[in-house]
Each structure stands twice: as C-alpha cells, then as structure tokens.
Amino acid sequence: MIKFIAKRLGISLMVLVLGSALLYVLTINSGDPLADLRESSADNRESLIQQRIINMRLDLPWYTRYLTWLAGASKCLIGACDLGTNAAGQDVNSLVVTAAGSTLRLVVLATVLAIVIGVTLGILTAVRQYSGFDYATTLMAFVFYSLPVFWAAVLLKHYAAIEFNNWLVDPSWSVVTVIAIAVILAFIVQAALGGDLKRRLMTFGALAVVFAGIMFYFEAVNWVRRPAIGLPIYILGVIGAAVLILYLGAGLTNKKVRNAMLATGAVAIAGYAVMRRVLLNEPTTWVLLACFVVGVAAAVVAGLLLGGFSRKRAITGSVVLAIVSAFIALVDLLLSNWNAYLQIQSRPIPTVGSQTPNLDAGYWGEALDALTALILPTIVLTLISIASYTRYTRASMLEVLNQDYIRTARSKGISERNVIMRHALRNSLIPLATIVAFDFAGLIGGAVITETVFGWQGMGNLFRTGLLAVDPNPVMGFFLVTGTAAVVMNMIADIAYAFLDPRIAR
C-alpha cells in the first residue's frame, strides 16, 4: 500500500507541475494586465504603471516569473509557502488563506448535508423501488440537478431572507398554513416509511396531528424568537439517537453494544447537565473542543470495556452517538442564544457577505452571525449536490441488491435490516467514494456563481478577479489549493476502496 501511495503521489506531483505551467501560460496570454492603466487619465498614470510592473515583475521573461513562482510554491512542502504578490502588491499567501477559509466554511457544511441527505434518499428509493416515494424523489432530483444556480439564489434571497426577516418581526401561522404544512410533512414521511394501506393511513394521521401540535405549540410560546431545546428535550434526543443508531447498526438485541451505548449516552447527558450553564455564557472554542474530545474518548473507552466480542461495533456505535449528542448540545446552545442575538441583529438572515462587519455580539452571537450567513449559499449548493448523490446511491444500491449473495442472505433468514445495512450498503458505497472525493475537491475550487451572487470572498472569487485582471499569482494560488485538494481527495478515495471492500486491500 505504501509503495502504491508513493507512486500515485509522484505521478500526481508531475501532473500538478505540468498543469501549473500550462495554466500560467494561458493566464498571462489572456489579456493585457496594464490595460486599465493605459486608458487612465490620472496625472500619476506612469507611476501607477511602473508600480504594477514592479509588483507583477512584468519586466522579466514569463518563464523566469513562472520558475520563481514554482520555487516559492515548492516551499509549501516545508510549510513556508511564498506565492508572491498580486497586481496591487498584496501578499497572495494571505489572500489564499482567507479565500480558502471562507470557501471551506461553505463547502464542508454543504457537502456533509448533501452526502447525508442524498445517500439516505438513495437508499430509501432503492428499497422502495417503483413506489410513489421513488418516483417523487426521482422527479425532484432531476429538478434540483437542472436548477439554475443564479435563479435559485435570487429566489432564496427574496423569500428565505427578505420575506423571512419581515415575518420574523411578528411571527405567526394561520390555521390553514399549519394544517397544510402538517399534511405535507406527514405525507412525505409516511411515503418514506412505506407499508400497507392501513399502516400508511395510521402513520399519516398520527404524524399530521403531531406536526400540527408542534406548530401550534411553537406559536403559543413564540418559539421562533425564543427557541431552546433544554435539558429534558436533550435527554430525549440522546435516547432517540441511541435507539436509532443501535437499531441500524448492531440491532436492539445485542446486549454488549447496547450497554456500551447506554454508558456513552449517560456520560453525554451527565456531562452536558454539568457544563450547560458554563457553556451558555462565554466559552472558548478550545473549551468546546475539549468537551467534544472528552466525549469521544469516553465513547471509545465504553466500547472497549463493555463491547465484549462486539467491541468494534460497540466503539463505532458509541462514537457515532457521542458525535450526535455533541451536535444536539451545540444546537441547544445556539438556540438558547438566538433571542439575545435578535436584539442586536433584528434581520438575522443576510443576503450578501459571510459575516457582519464590526459586529460585537459575544461568542455565541458571532457564531450565529457566521451560521446565518451560511444558510442561503449552503441551501443552493446542497440542493444541487443532493440530486447527484441520490441518483448514484440509488443506482449502486439497486445493483448490489440484485446480487446473488444478497439473495443468499435473505434465504438464510437474515432480517431485512441486516441485509440492507450490513451486506448491501457497504458495497454500494464503493462507487460513491469516487464521486464524493472529486465533488468535494471541485467545490473547494469555489462555487464561482454562488460566491458571486452571495458576495462571498472565496476561492472562486479569487480565481475570477485574478483572471479578469490578467494577474497570474492569485490564479496560481487557486490552482495550488484546488490541485492539491484533488490529489489528496483522490488518494482518500483509493484508501476508502480498501476499507469498504477488503478484496481491494489484498
């Protein structure tokens, strides 16, 4: 494996070098970097031209400038990158760091949501093949896949930002709205759960009543402006997550795994009960990370001590439960600070920008500000990515479900849950590993249209502005990040193959 990885890295490095040379030549020949100054009528025009020549080193041959950039970029191997300056004399290193950080905030969340939702929908549509849910999901997948980004972004800015901010001043629902939303949600869930007609009708009726009751309760307590989960709901959420993870993983009858996950849940609940008041005030990121690490470590210890012969499953289930518990706790902390944030930011959903300039709202207020700025662009990127993940997962899952070993497993009396989760799902994820890796690497390059519409200063914007200005250094900084990401993600995909299919590792 080490020899294989070294060989792949060597080939990838050669491809990066050749690609960088080609991109550099194309960029410098795409226009005149001094065109705007030549047309200027400013008194100091010649001085500005001379300054730009110095900044961009236009007095040197192109190959000298490229080799200088390549030498500076090669220092990234020792952690001392030198990507030069742009046309305005700004350090490209700092520009790339800022742009990459902005894009990663956007891309990571959108990619994770798209994978989780898309894979889940793909599995459900494969299991419910040719059902109404399958046809509806397929239709929506094609709609989302063909959705024009700029059009969807404009609609979201109007309805999910401007209109929502107006509604948030005095939030209320009419009875008709509550009934309509409850009926639609109940219909979607019962279609996903499936079953005979009697079961579907019972599920639909119960869920419609539950959803309507929740919405009426939210309006009665003004939950939209004063939301919170609270410790009792947190406990129910951890218990529900534990039951779901246990059912999908090892099964409810596996006592060893069940005991490990019960211990993990108890530690999560007790720890959050003790730390909640402290974390609600003004924590630091390091404190939150320390709590998360302690929770995961406790999950690993619980799996090791209580897992028995199912130790591996116990550790996996306990760690997943610890991560979910930490996520629920984080949501509770954010919601508990929402009302205080509204007192500072009365219109919380922004239409442009990644943060509010000069905002002084404390730790949680600034966190909420960053998260609300993520909402609209994340929705756009997620909707588009969900479509491809859903279709690929469905196709791969259907192919696996028709294999002989799946029929053999069913003929031996193995439960359908074990057939799907333990035998079919793992093998169906093998082709998806390639798609996820390259999709993530591509998105790191910057969603140019999305970043432009929402005013994000990310990698896409860095590439666009550098190309328009015929400024090679920012463009090459973009290439260095995206090219490296492509190589790394491709390597991760290869390793994932060996993990998902042991035959590849042999």
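**Note on the predicted all-helix model**

1. Isoleucine 117 sits in helix H5, which covers residues 92-127. The model is a predicted one. Isoleucine 117 has a relative accessibility of 36%, so it counts as partly exposed. It belongs to a nonpolar surface patch of about 520 Å².

2. Is serine 102 buried or exposed? Its relative accessibility is 7%, under the 20% limit, so serine 102 is buried. Beyond its neighbours within four places in sequence, serine 102 touches Ser354, Trp456, Gln457 and Gly458.

3. Now the overall picture. The protein has 22 helices and zero strands. Its C-alpha trace spans about 80 × 60 × 45 Å along the principal axes. There are 506 residues, and 40% of them are buried. Take the contacts with a separation of 6 or more: residues 24 or more positions apart account for 74% of them. The accessible surface comes to about 27400 Å². Carbon and sulfur atoms hold 69% of that surface.

4. Next, the cysteines. How many disulfides does the count give? The count is one disulfide. The partners are cysteine 76 and cysteine 81, with sulfur atoms 1.8 Å apart. The angle about the S-S bond is 140 degrees, and the link is right-handed. A disulfide is a covalent bond between the sulfur atoms of two cysteines. Cysteine 76 is partly exposed because its relative accessibility is 26%. Cysteine 81, at 32%, is partly exposed as well. Cysteine 291 has a relative accessible area of 30% and is therefore partly exposed.

5. Two loop residues deserve a look at the backbone. Tyrosine 130 is not a glycine, yet its phi is positive, about 65 degrees. It lies in the loop between H5 and helix H6 (132-145). Tyrosine 130 reaches 57% relative accessibility, so it counts as exposed. Asparagine 222 also has a positive phi without being a glycine, here about 55 degrees. Its loop runs between helix H9 (197-220) and helix H10 (230-248). Asparagine 222 is partly exposed because its relative accessibility is 28%.

6. Salt bridges come next. A search of the whole structure gives six. Which residue pairs with arginine 394 in a salt bridge? The partner is aspartate 134, at 2.8 Å from N to O. This pair links distant parts of the chain, 260 residues apart. Arginine 394 is in helix H15 (residues 362-401), and aspartate 134 is in helix H6. Arginine 394 is buried because its relative accessibility is 11%. Aspartate 134 is at 1%, so it is buried too.

7. Aspartate 404 and arginine 407 form another salt bridge, with the closest N and O atoms 2.7 Å apart. Both residues lie in helix H16 (residues 404-411). They are three residues apart, about one turn of the helix. Aspartate 404 has a relative accessible area of 57% and is therefore exposed. Arginine 407, at 46%, counts as partly exposed.

8. Arginine 45 and glutamate 46 also meet through their side chains in a salt bridge, 3.2 Å from N to O. Arginine 45 is partly exposed because its relative accessible area is 28%. Glutamate 46 has 52%, so it is exposed. Side chains of opposite charge can pair when their charged atoms come close.

9. Last, the aromatic rings. The whole structure holds eleven aromatic pairs. Why is the pair of tryptophan 62 and tyrosine 63 called edge-to-face? The ring planes stand at 80 degrees, over the 60 limit, so the pair is edge-to-face. Their centres are 6.0 Å apart. Tryptophan 62 is partly exposed at 40% relative accessibility. Tyrosine 63 is partly exposed at 47%.

10. Tyrosine 217 and phenylalanine 218 have ring centres 6.2 Å apart. Their planes are at 50 degrees, so this pair is tilted. Phenylalanine 218 is at 22% relative accessibility and therefore partly exposed. Ring pairs also join Tyr24, Tyr66 and Trp69 into a cluster.

Definitions and conventions:
Residues are numbered from 1 along each chain as its sequence is written. This is a predicted model: local features need pLDDT of at least 70, side-chain atom pairs count only at pLDDT 80 or more; totals for chains, interfaces and linings use all residues. Side-chain values use heavy atoms; hydrogens and water are left out. Patches are made of residues with over 30% relative accessible area and no salt bridge: like charges are joined within 9 Å, nonpolar side chains (Val, Leu, Ile, Met, Phe, Trp, Tyr) within 5 Å. Accessible areas come from the Shrake-Rupley method with a 1.4 Å probe; for residues, only the protein chains shown count as cover. A salt bridge is a side-chain nitrogen of Lys or Arg within 4 Å of a carboxyl oxygen of Asp or Glu. Helices (H or I, at least four residues) and strands (E, at least two) are DSSP runs, numbered from the N terminus. Buried means under 20% relative accessible area, exposed over 50%, partly exposed in between (1.4 Å probe, protein chains only). A disulfide is a pair of cysteine sulfur atoms within 2.5 Å. Contact means heavy atoms within 4.5 Å. Rings of Phe, Tyr and Trp (its six-membered ring) pair if their centres lie within 6.5 Å; planes under 30 degrees apart count as stacked, over 60 as edge-to-face and the rest as tilted.
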